[in-house]
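This report goes through the fold of one protein chain and then through a few of its local features. The sequence and structure come first.

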Amino acid sequence: MEITWGLLIVIYLFTAGISAGAMVTSNLALLYGGQDYERVGRWGAFISPFPISFGLGVLLLDLGSPFNFYRLFMTLQVRSPMSYGSWAILLFSLLSVIYLYLWLPEKFRIFGQKKSLEKWKKGLAKGMPFLSVGVASYTGLLLNAAVRPLWTVPLLPVLFLVSALSTGVASVIFFAALSPWQRARHKELHVLTKADALLIILECFILLIMIVMGRLSSASVSNAFGSLLYGEFAVIFWVMSVGLGLFVPFSLEYLELKDKIPVRWTLPVTISSSFLVLFGGFFVRYIITYAGQWSSWF
């Protein structure tokens with residue numbers, strides 16, 4: 001079976017999700033957390049532009065003819081997920097850079113009055129979640145449109161959206177806990193950890209529904225999901241995605257939330273669990289992309 005969408009496409013799908021999730025995390029921290037969650041808002045704003053920029057770079061490499069990339073923006077085809085998705089990602093990338101600028105410490109800003117910049121920051125924070133949801137779910141819609149048995153499940157965009165939010169929160173936890181500069185306080189990390197644990201539960205629930213729907217569907221779709229459960233991709237699915245990517249980080253986060261982790265181990269566990277969420281988010285896209293191309297109609 002020929003694999004058309006390889007590792008570079010997986011990286012593109014993964015990085016777009018991280019950026020969208022980090023942006024939503026920052027937006028909510030600003031709008032509902034205020035000064036108490038300023039570090040969360042700042043880290044989300046600082047992270048957001050970079051993964052998606054890297055992803056767009058590897059997408060250009062995968063296209064093979066990067067100088068033709070501009071053709072995607074010559075028209076807007078409303079029936080084409082790739083067309084409006086490309087426009088959404090372009091707009092998101094530009095606005096995320098502006099949003100980052102608004103979060104810079106005052107001494108690094110070269111123009112704009114503080115009062116007006118704060119107004120712009122809150123304005124963007126109210127609008128960006130909608131664009132972020134579009135970017136995060138677009139990658140699932142893109143696969144939906146390719147009409148492979150594994151990709152026809154309607155919940156695929158929802159799975160990608162929830163996984164994007166989870167990896168976005170995890171990226172903020174990871175950098176906010178790891179960095180000696182602007183390190184998040186216990187209260188901030190506790191709220192983020194609780195949010196991520198809930199997102200992991202939701203992601204597991206969506207995966208379960210997808211599997212049940214897939215196994216009860218046509219023979220082609222059922223066989224495609226069988227490749228995940230006990231076939232060619234079972235080891236990657238159960239070990240990388242479910243075990244290391246969902247079960248282990250959720251267990252660690254649960255122990256953290258219940259204060260079962262000794263104080264001296266709290267920070268290493270927080271960093272490890274957030275890294276594993278990112279690890280699992282990558283392999284969710286890897287397994288869906290590769291197993292989807294392996295699956296065929298019969």
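The secondary structure of the protein chain consists of ten helices and zero strands. Read from the N terminus, the order of elements is α-α-α-α-α-α-α-α-α-α. The model is a predicted one.

**Overall dimensions**

The C-alpha trace spans about 60 × 55 × 25 Å along its principal axes. Among contacts with a separation of 6 or more, 77% are between residues 24 or more positions apart. The accessible surface of the protein chain is about 14,600 Å², and carbon and sulfur atoms contribute 71% of that area.

**Aromatic pairs**

In the whole structure, a search finds 15 aromatic pairs. One of them is formed by Trp 43 and Phe 175, which are stacked with 6.2 Å centre to centre and 20 degrees between the planes. This pair links distant parts of the chain, since Trp 43 belongs to helix 2 and Phe 175 to helix 6 (residues 156-178), 132 residues apart. Phe 175 also pairs with Phe 174: their ring centres are 5.3 Å apart and their planes stand at 90 degrees, so this pair is edge-to-face.

A cluster joined by ring pairs contains Phe 14, Phe 279, Phe 282, Phe 283, Tyr 286 and Tyr 290.

**Exposure of selected residues**

The table gives the relative accessibility of residues discussed in this report.

| Residue | Relative accessibility | Class |
|---|---|---|
| Trp 43 | 11% | buried |
| Ser 48 | 0% | buried |
| Phe 174 | 16% | buried |
| Phe 175 | 37% | partly exposed |
| Leu 244 | 32% | partly exposed |

**A buried loop residue**

Where does Ser 48 lie? Ser 48 is in the loop between helix 2 (38-47) and helix 3 (49-63). With a relative accessibility of 0%, Ser 48 counts as buried. Apart from neighbours within four places in sequence, the contacts of Ser 48 are Ser 19, Ala 22, Met 23, Phe 92 and Ser 96.

**A nonpolar surface patch**

Val 235, Trp 238, Val 239 and Leu 244 make up a nonpolar patch on the surface, and together they have about 360 Å² of accessible area. Of these residues, Leu 244 is placed in helix 9 (residues 234-257). Leu 244 counts as partly exposed, at 32% relative accessibility.

Note on methods: Residues are numbered from 1 along each chain as its sequence is written. This is a predicted model: local features need pLDDT of at least 70, side-chain atom pairs count only at pLDDT 80 or more; totals for chains, interfaces and linings use all residues. Side-chain values use heavy atoms; hydrogens and water are left out. Patches are made of residues with over 30% relative accessible area and no salt bridge: like charges are joined within 9 Å, nonpolar side chains (Val, Leu, Ile, Met, Phe, Trp, Tyr) within 5 Å. Accessible areas come from the Shrake-Rupley method with a 1.4 Å probe; for residues, only the protein chains shown count as cover. A salt bridge is a side-chain nitrogen of Lys or Arg within 4 Å of a carboxyl oxygen of Asp or Glu. Helices (H or I, at least four residues) and strands (E, at least two) are DSSP runs, numbered from the N terminus. Buried means under 20% relative accessible area, exposed over 50%, partly exposed in between (1.4 Å probe, protein chains only). Contact means heavy atoms within 4.5 Å. Rings of Phe, Tyr and Trp (its six-membered ring) pair if their centres lie within 6.5 Å; planes under 30 degrees apart count as stacked, over 60 as edge-to-face and the rest as tilted.
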